[in-house]
Amino acid sequence: MERLRHHLLETGYTIDGVRERLGDMAAGALAREELIPALRATAGRDPLATLIRLWWLGVPVQAKDVAPEVRESGLVTASGDELVATVHLQPWETGGYLVSDRKVRPGDPALRPDHVVGAGGASANLAQLVTRRPVQRALDLGTGCGVQVLHLAGRADHVTATDLNPRALELARLSWKLSGITDVEARAGSMFEPVADELFDLIVSNPPFVIAPAREGKLTYRESGGDGDDFCRDLVRRAPRHLTPGGQAHFLANWLHVEGEDWRERVGGWLRESGCDGWVVQRDVQDPAEYVELWLKDAAEQGTPRYAEHYDRWLAWFDDRKVEGVGFGWITLRNSGTLDPVVRVEHFTHQVALPVGDYVDGVLDAIAIAHRAQDLGAALLKTADGLLDERIGLPGAEDPMRIVLRQTQGLRRSREVGTVEAALAGVCDGQLALGPLLNVIAELVGDGDMPDAEAIRPLIAEGYFVL
Ligand SMILES: C[S@@+](CC[C@H](N)C(=O)[O-])C[C@H]1O[C@@H](n2cnc3c(N)ncnc32)[C@H](O)[C@@H]1O
């Protein structure tokens, strides 16, 4: 594997190398499952073009164009004068490599149930969310091709990676070897079974969150076989038992929107039973038809004879459960060891600064501090860095119709506020306690009502003011 790794690097088979060789048009076409522009961009038979064709595009290459390190890797098979990839081998943004099953394309045969999916958008999303704080012990639950371990290496002294699918662990081990990662231990088993009563400072999981009816031949990489969103619920409920004091868990998840039920209550309830501080962010909601189409496309089922039957059965299953939509998002837990945990559930559609992992600890701190601070009147607050005050009003009017505080960093929230909060943002520098400061502001700009320090609590939770 070491020889192969050197060959891949020397050839320029890296994220930047592939991106540069394919160009924007071919990369865009690939995202639409169109191979032709990428085949044209790699028509030369130089070593990089050959590797891209073999392991990125998954098309046969001439055996004579291939280096011995590749021929002898055990990751290709001969077919006449040609070599065919037996796996998908991709460079990854960390500088490492990932080995997974070959990408499925429209017209391919049905996926095998133990298909090991390659790293994609969801993998990258989770990696972006995870705290950058160095830790001793980390757990990647459902490691698949091993991608999260590539991100954890260097930040965790030791990583345990689990998966229900033994083939996933086999391919993950190849990924880690090719990426030069040694401090990782792979264990087979479901959910937290392989780690019994062990504790971790950090748990990450991009779980099999797809919500689908139980069926023969379900795809292990995305369907748990549990009922509805039970798998994600159980993950959240069980994780706290495996977190060290102060330990954090970061999960991607899907959840149901059921007629007559508030989704916030549903997901918030999972966390409230966890005893940890929690933060849930919903990033998208799809209606049942959009959701079914997305996942039928993911398994390249469109255009196949089973498509209509599978689509209909899946929708009927949603109908029976009065499902109106499915939420996509992320869930963060922190074992704060308090008897008074706080859970915040919210929906964002706007762009946030990436990676969230750079500032997620501060977000959790703000939520917890706002919840637990006792005497806000005596608190020394500071206005958050990068805050803007936007005023919207009629031309020539003395007073604005709306004042908006807008964050230019981190979660980039914005919120309409009154004149008192806006004035507070202008003077809050940690020198004077909030209570007296509000009294002075009220005298200058208020409408006579005595402003309440408690009204500032939500603005602390949302990071407009820092305590
Ligand atoms: C969506 S893939 C995620 C792969 C990879 N961690 C990533 O971030 O892209 C989910 C993984 O969970 C595994 N899995 C499915 N059911 C599981 C279970 N009950 N316990 C542990 N892992 C499971 C699947 O085999 C698959 O590798």
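This is a predicted model: local features need pLDDT of at least 70, side-chain atom pairs count only at pLDDT 80 or more; totals for chains, interfaces and linings use all residues.

In which handedness of crossing does H14 pass H15? Now select residues 419-427 for H14 and residues 434-445 for H15. The crossing is right-handed. The two helices pack at an angle of about 120 degrees, and their axes are 10 Å apart. Angles of 65 to 115 degrees would count as roughly perpendicular and those over 145 as roughly antiparallel, so H14 and H15 come out as oblique to each other.

Next, show the side chains where the pair meets. On the H14 side, pick Thr419, Val420, Ala423, Leu424 and Val427; on the H15 side, pick Leu437, Leu438, Ile441, Ala442 and Val445. Colour that contact by class and you get nine nonpolar residues, one polar and no charged ones.

Time for the core. The largest nonpolar core has 122 residues, and Val99, Cys145, Ile203 and Val236 are the ones with the most contacts inside it. Centre on Val236: setting aside neighbours within four places in sequence, Val236 touches Phe251, Trp270, Leu271, Ser274, Ile331 and Leu333.

Finally, zoom out. The protein has 16 helices and 18 strands, and its C-alpha atoms fill a box of roughly 90 × 50 × 45 Å along the principal axes. Of the 467 residues, 40% are buried.

Terms used
Residues are numbered from 1 along each chain as its sequence is written. A nonpolar core is a set of buried Ala, Val, Leu, Ile, Met, Phe, Trp, Tyr and Cys residues joined through C-beta atoms within 7 Å. A residue is buried if 20 or more other C-beta atoms lie within 10 Å of its own, exposed if 12 or fewer, and partly exposed in between; C-beta atoms are placed from the backbone. Two residues are in contact if their C-beta atoms, placed from the backbone, lie within 7 Å. Axes are lines fitted to C-alpha atoms, for helices over the stretch in contact, and angles run from 0 to 180 degrees between N-to-C directions. Helices (H or I, at least four residues) and strands (E, at least two) are DSSP runs, numbered from the N terminus. Angles under 35 degrees count as roughly parallel, over 145 as roughly antiparallel, 65 to 115 as roughly perpendicular and the rest as oblique. A crossing is left-handed if the near helix is turned anticlockwise from the far one by less than a right angle, and right-handed if clockwise. Ala, Val, Leu, Ile, Met, Phe, Trp, Tyr, Cys and Pro count as nonpolar, Asp, Glu, Lys and Arg as charged, and the others, Gly among them, as polar.
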